[in-house]
Amino acid sequence: MVKVKVEFLGGLDVVVNKVRVHDINLMVDNATLRDLVNYICNDMITNPNDIEVFIEDESIRPGIITLINDTDWELEGEMEYELEDGDVISFTSTLHGG
Amino acid sequence: MVKVKVEFLGGLDVVVNKVRVHDINLMVDNATLRDLVNYICNDMITNPNDIEVFIEDESIRPGIITLINDTDWELEGEMEYELEDGDVISFTSTLHGG
Amino acid sequence: KSNDEYPMSLEEYRRYGRQMIVESTGGVKGQLKLKNSKVLVIGAGGLGSPCLPYLAGAGIGQIGIVDNDIVETSNLHRQTIHDSTKVGMLKCESAKQVLNKLNPHVNIITYPVRLSYSNAFDIFEGYDYVLDCTDTPLTRYLVSDVAVNLGLTVVSASGLGTEGQLSVLNFKNVGPCYRCFYPTPPPPNSVSSCQEGGVIGPCIGLVGVLMAVETIKLILDVYTVKNFQPFLMLYSGFPQQSLRTFKMRGRKANCKCCGDEPTITQNAIESGEINYELFCGSRNYNVC
Amino acid sequence: KSNDEYPMSLEEYRRYGRQMIVESTGGVKGQLKLKNSKVLVIGAGGLGSPCLPYLAGAGIGQIGIVDNDIVETSNLHRQTIHDSTKVGMLKCESAKQVLNKLNPHVNIITYPVRLSYSNAFDIFEGYDYVLDCTDTPLTRYLVSDVAVNLGLTVVSASGLGTEGQLSVLNFKNVGPCYRCFYPTPPPPNSVSSCQEGGVIGPCIGLVGVLMAVETIKLILDVYTVKNFQPFLMLYSGFPQQSLRTFKMRGRKANCKCCGDEPTITQNAIESGEINYELFCGSRNYNVC
Ligand SMILES: [Zn+2]
Ligand SMILES: [Zn+2]
């Protein structure tokens with residue numbers, strides 16, 4: 001089991017009942033970010049139509065920045081990153097208004 | 001020994017050669033904030049005339065806010081607070097410009 | 001033009017539509033809170049310059065501006081509500097001209113006086129919120145003391161160089177006041193005002209915009225007695241921009257102004273019994 | 001009026017004195033860097049409104065403004081550089097009038113055109129920095145692509161609702177570009193612009209002021225090739241104001257624009273080979 005904090009920023013909280021910050025206990029051994037993303041799709045996103053706002057072609061949708069402890073997930077191994085207790089995983093959609 | 005980070009903000013870095021953030025290893029057993037303040041006065045402030053910018057009547061000068069891990073020192077025991085490894089101690093003078 | 005059934009004009013709906021559709025504003029209900037609010041801004045300088053247009057733009061019903069200073073060329077790098085054609089004009093009048101053109105629905109009232117123990121109560125009376133955009137400890141104590149006595153919440157901010165600070169004081173008469181944070185005034189020669197210290201325009205400007213956001217949140221009841229936590233925000237512009245929020249002490253029972261046995265009462269202030277000049281030292285602070 | 005021996009007029013020393021005495025500006029040397037800089041601001045809306053006066057106030061030598069939109073009443077709650085008397089006027093001209101009055105030492109050049117693949121190179125040429133204050137992914141890709149091809153550093157920001165984002169792109173031709181962050185554009189219907197999404201004036205305004213601070217820091221060489229770390233800042237206004245800085249990926253070797261084998265060249269862009277409309281979908285984005 002791993003305890004992580006998950007944040008949905010930049011308006012992305014629409015897919016999870018407008019709650020921006022969630023404390024998650026993931027009941028998976030050696031859980032990776034992929035396990036967390038699966039959990040979000042299966043257990044957190046209530047409206048199935050919203051899954052495509054979050055996922056495209058089995059990865060995070062283009063335009064969403066994923067952060068592991070405030071660091072770009074590209075620098076941390078992306079989907080294969082192994083979660084640790086206390087990690088903060090943030091998803092933020094890219095804003096375009098000016 | 002305890003390892004803490006000390007910050008001088010709001011222009012208070014003038015008393016420590018304009019360096020805002022310092023990593024300090026305090027060679028004292030059960031060190032308190034008072035020990036750190038003594039260390040700052042004795043070993044960090046290079047110009048003795050600057051001590052009165054930082055200290056008045058054996059306490060932190062009025063107008064300086066002291067923070068222990070981003071929390072007002074009043075909520076944490078002030079000078080008697082026992083330092084722990086990794087603590088961030090911040091001193092900020094109060095600004096008045098508008 | 002507006003009544004209970006149609007609380008705003010069509011022009012107002014068009015003007016405020018983009019902010020009314022933001023969920024956190026509460027739509028029409030929130031817009032009416034803004035329209036029915038009266039906000040007093042003390043100082044039309046580096047903090048007031050960016051703050052005032054956002055307050056007026058948002059549709060706050062009445063905005064008072066206290067400032068007896070005149071526009072100087074050396075202000076203009078940071079006090080961008082004014083301009084070179086206004087040099088020599090009272091800052092409060094210069095700001096009023098700009099705000100009247102920006103949003104004619106807002107009632108702008110100017111007070112071209114220096115805030116003092118003898119005029120502060122008359123000026124504050126009738127306002128819902130006070131914004132402290134001044135630059136001397138003397139005035140900061142006075143603003144807080146008068147606000148506590150009148151039960152007003154204060155948004156207090158300051159800045160110098162590349163840094164700034166912000167706090168909400170006397171929140172709904174339960175949050176700490178300026179004297180809770182600073183029971184003893186600083187020795188006069190330790191205080192640097194922007195007159196001498198220098199300041200980067202957008203750094204003090206950013207803090208002024210932070211004030212506008214806090215004021216709108218107060219009016220929209222985003223903060224409640226239940227969720228409000230005393231805080232001090234610290235902005236740094238250089239070398240990296242950062243905004244930190246420190247958790248601060250609550251209201252102090254022994255505070256001379258907001259505590260259980262206050263001595264800094266309206267009567268004590270207005271009679272001149274509380275000597276602010278003496279209290280903060282004789283150094284000449286200039287508003288900037 | 002100014003020569004090598006007296007690089008600025010007395011009026012300029014008086015005007016910029018308070019910022020020149022801030023140590024991080026580097027005094028006269030820093031002021032001359034500002035005076036000799038040319039900054040192009042694309043969009044005089046919610047971000048450009050607070051950013052432009054601070055750039056002009058600071059004494060940047062030349063500021064270009066690209067915007068073919070006209071002022072509407074519904075803009076005024078957040079686009080506070082304009083006002084109700086300017087409704088119907090081009091935003092770039094409205095902004096120019098304000099900036100000329102604020103600081104006559106700054107050369108303001110307006111481009112009342114919609115930025116496109118065919119005019120962007122001509123407009124960008126000669127500027128040192130580009131500020132992306134636009135509001136569509138299409139324009140954001142175009143601004144970044146053209147800047148990379150011309151070797152310009154971009155300050156790119158955006159905002160919606162109560163939030164905003166900021167990044168410095170293509171820093172001195174070593175930092176990542178917009179395509180390094182977003183190699184694949186978002187599906188069009190996932191993008192919300194302020195036309196429909198709503199925005200709180202001072203929240204987008206705060207991000208515009210962040211841009212001004214970053215621009216001044218770039219000009220003053222606070223960032224160097226050695227110390228620059230790619231970042232994305234995220235501002236939230238509600239419920240608590242916060243500013244977070246995320247550490248981002250560096251320049252990507254396989255980036256189609258700034259990578260080792262770029263296909264998005266000036267020729268490919270100007271010939272219309274890179275179809276921005278198709279690339280970002282056909283949805284009609286309005287600048288706001
Ligand atoms: Zn108090
Ligand atoms: Zn790239």
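Buried means under 20% relative accessible area, exposed means over 50%, and partly exposed is in between (1.4 Å probe, protein chains only).

**Entry 1: ground rules**

I am reading a predicted model, in which local features need pLDDT of at least 70, side-chain atom pairs count only at pLDDT 80 or more, and totals for chains, interfaces and linings use all residues. Residues are numbered from 1 along each chain as its sequence is written, chains are lettered from A and ligands numbered from 1 in the order in which they are written, and side-chain values use heavy atoms, with hydrogens and water left out.

**Entry 2: Y129(C)**

I started with one tyrosine. Y129(C) sits in strand β4 (residues 129–132) of chain C; helices (H or I, at least four residues) and strands (E, at least two) are DSSP runs, numbered from the N terminus. Is Y129(C) buried or exposed? Its relative accessible area is 12%, so Y129(C) is buried.

Next I looked up its surroundings, where contact means heavy atoms within 4.5 Å. Leaving aside neighbours within four places in sequence, Y129(C) is in contact with K38(C), V39(C), L40(C), T153(C), L218(C) and I219(C). L40(C) is 89 residues away along the chain, yet its C-alpha atom and that of Y129(C) are separated by 6.2 Å. I also noted a polar atom of the Y129(C) side chain 3.5 Å from the backbone oxygen of L218(C).

**Entry 3: who touches whom**

Which chains share the most contacts? Of the five pairs of chains in contact, it is chains C and D. Chain A and chain B, on the other hand, do not touch, and their nearest C-alpha atoms are 17 Å apart.

I then went through the pairing of C with D. Chain C brings 61 residues to the contact and chain D brings 61 residues. Buried area is the accessible area (1.4 Å probe) that two parts lose on being put together, summed over both. Between chain C and chain D it is about 5100 Å², with 62% given by carbon and sulfur atoms. On the chain C side, R18(C), Y54(C) and Q241(C) lose the most area to chain D, together 16% of what that side buries.

How many salt bridges are there between chain C and chain D? The count is zero; a salt bridge is a side-chain nitrogen of Lys or Arg within 4 Å of a carboxyl oxygen of Asp or Glu. I did find 18 residue pairs in polar contact, both residues being at pLDDT 80 or more. A polar contact is a pair of N or O atoms within 3.5 Å; within protein, one must be able to donate a hydrogen and the other to accept it, and residues adjacent in sequence count only if both atoms are side-chain atoms.

The largest share of the side of chain C that touches chain D comes from α9(C), with 12 residues.

**Entry 4: salt bridges elsewhere**

A search of the whole structure gave me 32 salt bridges over all chains. I picked out three of them to follow up.

E163(C) and R20(B) meet through their side chains at 3.0 Å, N to O. E163(C) lies in strand β6 (residues 163–169) of chain C and R20(B) in the loop between β1 (2–9) and β2 (21–26) of chain B, so this pair joins two chains. E163(C) is buried at a relative accessible area of 6%, whereas R20(B) is partly exposed at 23%.

E74(B) pairs with R249(C), and their closest N and O atoms are 3.1 Å apart. This pair also crosses between chains, from the loop between β6 (71–72) and β7 (88–93) of chain B to the loop between β8 and α10 (266–270) of chain C. E74(B) is partly exposed at 27% relative accessibility, while R249(C) is buried at 7%.

K33(C) and D221(C) form a salt bridge of 2.9 Å, N to O. K33(C) is in helix α2 (residues 27–35) and D221(C) in the loop between α9 and β7, 188 residues apart in chain C. K33(C) is partly exposed at 30% relative accessibility, and D221(C) is partly exposed at 35%.

Salt bridges that share partners also join D72(A), E74(A), R249(D) and K252(D) into one network.

**Entry 5: D72(A)**

I went back to one member of that network. D72(A) is in strand β6 (residues 71–72) of chain A and is buried, with a relative accessible area of 0%. Beyond its neighbours within four places in sequence, D72(A) is in contact with residues including K247(D), M248(D) and R249(D).
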